[in-house]
Amino acid sequence: MYPFSDRFLPTLAESHAPVTEVTLFRTDGQVEHLEHVGGSVTVDRGSQTRRTCTVTVADLSLIPRTPADKVATYGAQLRLARGVRYSDGAQELVPLGVFRVDEVGGDVDEGPVTISGKSLEAVIADDKFVAPHRATGNAVNSITALIQRSIPDAQIVSTVAGATIGARTWDVEGDPWAAILELGAAIGAEVYCDAGGTFVIAELPDLLTATPVWEVAAGEGGVYVSATRSMSVDGVYNGVLARGESTETGAGPFSDLVVDNDPGSETYWGGPFGRRPMFYSSSTLTTTGQCTAAATLLLRSAKAPNASADISTLPNPALEPGDVIRVVYPDGTRELHQVASFSVPLEVGGDFSVQTISAKEGS
């Protein structure tokens, strides 16, 4: 979760006044706080662009009509935040994301105006290679170089060791963000832009060992509203075979198979679920250990959970995909869930639903 004060979460469960903020940073240097009437921020771990937003405003002057308007809008950024106003009048906001403005439009006579944006991964993805790009050596350094190639002042935080990778060359027209994700996978890490606009290189938290960051409980003082639960075997795997071989250096081949080896798991390798491997290969994997790390990361999201859920609750803007939350149902059943996606409303009273990718019963 994004950092906040000790009184933030308890206040979410109480009657409180939500506060939202929309700030537009134009390319001509102007900064405006926009009066808005609606909108939302969608956060999805499964999307290469992790955050997208729409903001609805009444100001018709924001619709670009002249070349000067376009210059001020093309490349502009939105910074969104949501939080609470406490009973003592103080307010606390947590960021919802930094977005490149991608589209502005609306009825030119009556409005409203809708502004749409994508988080900063899109800036890197659109900056396609115009010459072959070669990465080798330290993976974190290579990822940092690719991010700062497109955003020179980007802030980058890594919580993983910068292991050495094999040489890998991407061709002209290649997608730099796809290259970054491949380099991250080679060291068992995800790479994404967080709510504050910082690029993060980190492992996906392990549901079995992570400490829950929030309790969604039914009953008095809780934030639980409703939930649906389901299970599906579509797209589910209980083993990952990662392989690496460098055509540039001749190193390899290397490989490692990582499987669900928990006998108590519904997806235990060789148990009733059977053996369902998926496969991943990259020339950046030049040791068996790198293959193991990549396969381990992929297995966490690929293996079947014993339950998944769509949980309606009171809005919590501080959530991040990968966070582990505890859900306490009205019948007292307790589960740990790992957050996959959600959408935060910018208006008071908007729906807030959290989709989870895995769950553990009795936690």
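Modeller: In what follows, two strands count as paired when DSSP finds at least two bridges between them, and the model under discussion is a predicted one.

Colleague: Over how many bridges do strand β1 and strand β5 pair?

Modeller: Strand β1 covers residues 17-25 and strand β5 covers residues 77-85. A17 stands opposite R85 in β5. With at least two bridges needed for a pair, β1 and β5 qualify, since they pair in the antiparallel sense and the number of bridges is nine.

Colleague: Which residue of β6 stands opposite L80?

Modeller: β5 also pairs with β6, in the antiparallel sense and over nine bridges. These two strands form a hairpin with five residues between them, and G89 in the turn has a positive phi of about 95°. In this pairing, the residue of β6 that stands opposite L80 is G97.

Colleague: Which cysteine does L78 touch, leaving aside residues up to four places away in sequence?

Modeller: With those sequence neighbours not counted, L78 touches a set of residues that includes V22, L24 and L34, and also G97, V98, F99 and V101. Also in that set is a cysteine, C53.

Colleague: How many disulfides does the model have?

Modeller: A disulfide requires two cysteine sulfur atoms within 2.5 Å. C53 is buried, with a relative accessible area of 3%, and C193 is buried as well, with a relative accessible area of 0%. The cysteine sulfur closest to that of C193 is in C53, at 12 Å, which is too far for a bond. By this rule the count of disulfides is zero.

Colleague: In the open sheet of three strands, which strands stand at the edges?

Modeller: The three strands are ordered β16-β15-β17, and their pairing is mixed. Two of them, at residues 254-259 and 277-281, have a single partner strand each, so one side of each is left without a neighbour in the sheet; these edge strands are β16 and β17.

Colleague: What is the bridge partner of G244 in β16?

Modeller: Strand β15, residues 239-244, pairs with β16 in the antiparallel sense over six bridges. Within β16, the bridge partner of G244 is F254.

Colleague: What angle does the direction of helix α6 make with that of β16?

Modeller: Helix α6, residues 288-302, packs on the sheet and touches β15, β16 and β17. The buried residues of α6, among them C291, A294 and L298, pack against these strands and also against β10, α5 and β11. The direction of α6 makes an angle with that of β16 of about 35°.

Colleague: How far apart are the end C-alpha atoms of α6?

Modeller: The expected span is 1.5 Å times one less than the number of residues, so the 15 residues of α6 should span 21 Å.

Colleague: Is S281 buried or exposed?

Modeller: S281 lies in strand β17, and its C-alpha is 8.7 Å from that of C291, which is ten residues away in sequence. Exposed means over 50% relative accessible area, and the value for S281 is 51%, so this residue is exposed.

Methods
Residues numbered from 1 in each chain as written. Predicted model: local features only at pLDDT ≥ 70, side-chain atom pairs only at ≥ 80, totals over all residues. Heavy atoms only, no water. Contact = heavy atoms within 4.5 Å. Helix = DSSP H or I, 4+ residues; strand = E, 2+ residues; numbered from the N terminus. Axes fitted to C-alpha atoms, helices over the stretch in contact; angles between N-to-C directions. Buried < 20%, exposed > 50% of the residue type's maximum accessible area, 1.4 Å probe, protein only.
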